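Take a walk through this protein, from the whole fold down to single residues. Keep the sequence and the model side by side as you read.

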Amino acid sequence: MSADGADYPAMDFTRAAYDRLLSAVVGAGYQVLTLRRALTGADMELPFILRHDVEWDLKRTLAIVEIEKGHGVRSSLYFRVDTKVYDLPAMRRLQDDGFEIGYHYNTLDRCQGDFSRAIALFEQDIKRLRDAGLKIDTVIPHGDPRVKKGGYTTNEDIMAKDPELPARTGLLDINAGIAARFPGHQYVRDLGIRWNVAGSGRELIAFIREKRWPAIYMLTHPDYWSASFLRAVGLQFAARTLRGFGLNRKIAAVRSIATPRSVGPDSGS
Ligand SMILES: [Zn+2]
């Protein structure tokens, strides 16, 4: 909170704030794109590539998706397959609605650094997603600094170990594609429940309105965003103070104070 009380950081990560943010994006004339469209579609003015890493909670993701539908825009959603968010029918419905479904992989974490098992699991996961009717053209590695890593640095290391893997699995190269097609883009993300390029959501909206960046690539995590102001405040507080905790433990800690007990499961989140 700033000294004058005008900016509550927690208010940056409510669904109402996300709605305001998208209003600014669309109002400024940015063209919201999925990764697939950004990499394969025609060039355009003011591209705004919109990506979400979907970690744990489908309901929170669907709430973000509804806001996007309200603005007539579509994003790319990268799903974990090893958490309760792995829900193939829901992913198919999102795809039918025009969203891009991608695979948020962490197979080295899941295989304790065993590269050959991690690569085989990666290919198996992609096959399973495609067999379920999902068009998987892009993947994003999951990064969790708390996972102890033996013999590797990030989940993406499988790509360096097996350079044929993306071509063999028919995947687009996001890093090379974005660098080539959008050389001056600004990467904007909500890592640690804080904007990397602005001191507040209000400031980010001001930057967007003035079209400060000719191309934007934005990443958000739907799990970080709250319907209730109380959860947003709690999560913001937890992100700043419970430094030794992983975010999911922070969320669990916050849930106990931010969820009213007398109402249904949807109401407090
Ligand atoms: Zn992730």
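pLDDT is the predictor's confidence in each residue, on a scale from 0 to 100. Here the average is 89, and 87% of the residues score at least 70. Residues 1-6 fall below 50, and this stretch has four contacts in the model beyond near neighbours in sequence. Two residues are in contact if their C-beta atoms, placed from the backbone, lie within 7 Å. Residues 259-269 also stay under 50, with eleven contacts beyond four places in sequence. Where pLDDT is low, the predicted coordinates should not be read in detail.

Two ground rules apply. The model is predicted, so local features need pLDDT of at least 70 and side-chain atom pairs count only at pLDDT 80 or more, while totals for chains, interfaces and linings use all residues. Numbering starts from 1 along each chain as its sequence is written.

Now the overall fold. The protein has twelve helices and seven strands. These are DSSP runs numbered from the N terminus: helices are H or I with at least four residues, strands are E with at least two. Of the 269 residues, 37% are buried. Buried means that 20 or more other C-beta atoms lie within 10 Å of a residue's own; 12 or fewer makes it exposed, and anything in between partly exposed, with C-beta atoms placed from the backbone. Among contacts with a separation of 6 or more, 71% join residues 24 or more positions apart.

The largest nonpolar core has 61 residues. Such a core is a set of buried Ala, Val, Leu, Ile, Met, Phe, Trp, Tyr and Cys residues joined through C-beta atoms within 7 Å. Helix H6 (residues 115-131) gives the largest share of this core, six residues. Phe48, Ile49, Phe79, Ile101 and Tyr103 have the most contacts inside the core. Beyond four places in sequence, the contacts of Tyr103 include Phe79, Val81, Ile126 and Leu129.

Turn to strand E7 (residues 216-220). Four of its five residues are buried. E7 pairs in the parallel sense with strand E2 (residues 47-54) over five bridges. Strands pair if DSSP finds at least two bridges between them. Phenylalanine 48 has isoleucine 216 in E7 as its bridge partner. E6 and E7 also pair in the parallel sense, over four bridges. There, tyrosine 187 stands opposite tyrosine 217 in E7. The chain crosses from E6 through H10 to E7 in a right-handed β-α-β crossover. Right-handed means that, with the strands pointing away from the viewer, the path from the first strand over the helix to the second runs clockwise.

Why does isoleucine 216 count as buried? Isoleucine 216 has 24 C-beta neighbours inside 10 Å. Beyond four places in sequence, isoleucine 216 touches Tyr30, Phe48, His185, Gln186 and Val188. Histidine 185 lies 31 residues away in sequence, yet the two C-alpha atoms are 5.2 Å apart.

Finally, follow the crossover itself. Arginine 194 is in the loop between strand E6 (186-189) and helix H10 (201-209). Arginine 194 is partly exposed because 17 other C-beta atoms lie within 10 Å. In H10, Gly201, Leu204, Ile205 and Ile208 are buried. They cover an arc of only 100 degrees around the axis, so they sit on the same side of H10. The arc is that of the directions from the helix axis to the C-beta atoms. Helix H1 (15-27) is included in what covers the buried residues of H10. Just after H10, lysine 211 takes a positive phi of about 50 degrees.
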